[in-house]
Amino acid sequence: DLAVLLLGIGFLYACVANIVTWSLGVNRVAAAAAAEGALPSTLGRLHPRFNTPAHAFVVMGVVSTLLLLGNAALASDASNAFWMIFKLSGLCFLLSYLLVFPAFALLRRNRADQPRPYRMPGGAAGAWGAAVVCWLFIAGACLLFFVPSPDVDPAQASRETWLLAGETLATLVVGLLLLPRRRA
């Protein structure tokens with residue numbers, strides 16, 4: 001019993017430490033993007049004493065809380081709420097890579113003379129081949145998130161899929177709304 005308890009505490013510590021470091025990095029990136037004009041300026045405001053992106057942390061906390069409450073309210077039980085939150089976070093993490101791989105190949109073509117610290121063998125064909133293979137794997141992984149959770153009632157499976165699709169679409173729309181607008 002004591003060993004299980006200690007392993008559980010260690011696991012929870014590892015999860016919290018992982019989440020904290022990821023949120024520190026994400027909010028620091030948001031602040032840097034805001035400082036360059038790629039995100040709303042409020043996300044770039046730093047805490048006067050600690051020099052941390054305090055406003056980005058607050059925005060992330062509000063959005064996360066809304067997503068958690070929404071999933072808890074719409075879930076059939078606690079297990080379903082966990083799986084839906086897991087799926088949405090994993091899906092949002094992977095979706096960005098669907099743009100990264102084609103961007104890699106396009107930048108290799110459009111900025112071929114740009115100095116890089118690494119070289120991928122195979123030229124343009126190798127770059128495009130790698131980009132396509134990686135894109136297909138990520139797209140496949142994204143589709144797997146829409147498979148119903150292991151313990152979901154078959155009657156709820158369609159509802160869960162549509163809920164995840166709606167949450168994902170809402171997240172993408174919010175992200176697009178945060179993009180800077182071109183000035184005339």
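The model is predicted, so local features are reported where pLDDT is at least 70 and side-chain atom pairs only at pLDDT 80 or more, while totals for chains, interfaces and linings use all residues. Residues are numbered from 1 along each chain as its sequence is written, and side-chain values use heavy atoms, with hydrogens and water left out. The largest pocket holds about 2300 Å³ of space, the structure has one cavity of 30 Å³ or more, and helices H4 and H5 pack at an angle of about 175 degrees.

**Pocket and cavity**

- Both kinds of space are found on a 1 Å grid over the protein atoms alone: a cavity is a set of points where a 1.4 Å probe fits but cannot get out, a pocket is an open set with protein on both sides within 12 Å along at least five of seven lines, and lining residues have an atom within 4 Å of a point.
- Grid points are joined across faces, edges and corners, and a volume is the space filled by probe spheres set on the points.
- The largest pocket, with about 2300 Å³ of space, is lined by 40 residues, of which Val 26, Ser 89, Cys 92, Phe 93 and Thr 171 lie nearest its centre.
- Two or more residues of this lining are given by each of the elements H1, H2, H3, H4 and H6, where helices (H or I, at least four residues) and strands (E, at least two) are DSSP runs numbered from the N terminus.
- By class, the lining of the largest pocket divides into 29 nonpolar, ten polar and one charged residues, with Ala, Val, Leu, Ile, Met, Phe, Trp, Tyr, Cys and Pro counted as nonpolar, Asp, Glu, Lys and Arg as charged, and the others, Gly among them, as polar.
- The largest cavity holds about 30 Å³ of space, and its lining consists of Ser 76, Asn 80, Val 152, Gln 156, Arg 159 and Glu 160.
- Helix H6 (residues 154-178) provides the largest share of that cavity lining, three residues, and by class the lining has one nonpolar, three polar and two charged residues.

**Packing of H4 and H5**

- Helix H4 (residues 97-110) and helix H5 (residues 123-144) have axes 8 Å apart and an angle of about 175 degrees, where axes are lines fitted to C-alpha atoms, for helices over the stretch in contact, and angles run from 0 to 180 degrees between N-to-C directions.
- H4 and H5 are therefore roughly antiparallel to each other, given that angles under 35 degrees count as roughly parallel, over 145 as roughly antiparallel, 65 to 115 as roughly perpendicular and the rest as oblique.
- Contact, meaning heavy atoms within 4.5 Å, is made by residues including Phe 101, Phe 104 and Leu 106 of H4 and Trp 128, Trp 135 and Ile 138 of H5.
- By class, this contact has 15 nonpolar, one polar and one charged residues.

- Lys 87, in helix H3 (residues 78-95), has a relative accessible area of 6% and is buried, where buried means under 20% relative accessible area, exposed over 50% and partly exposed in between (1.4 Å probe, protein chains only).
- Not counting residues up to four places away in sequence, Lys 87 touches Phe 145, Val 147, Pro 148, Ser 149, Glu 160 and Leu 164.
- Thr 168, in helix H6, is likewise buried, with a relative accessible area of 7%.
- Its neighbours within four places in sequence left aside, Thr 168 is in contact with Leu 88, Leu 91, Leu 95 and Phe 146.

**The loop between H1 and H2**

- Most residues other than glycine have a negative phi.
- Asn 51 has a positive phi of about 60 degrees although it is not a glycine, and Asn 51 lies in the loop between helix H1 (2-35) and helix H2 (54-74), where Asn 51 counts as partly exposed at 45% relative accessibility.
- Thr 52, found in the loop between H1 and H2, counts as partly exposed at 25% relative accessibility.
- Thr 52 touches Arg 28, Arg 45, Leu 46, His 47 and Phe 57, not counting residues up to four places away in sequence, and Thr 52 and Arg 28 are 24 residues apart in sequence and 7.5 Å apart in space, C-alpha to C-alpha.
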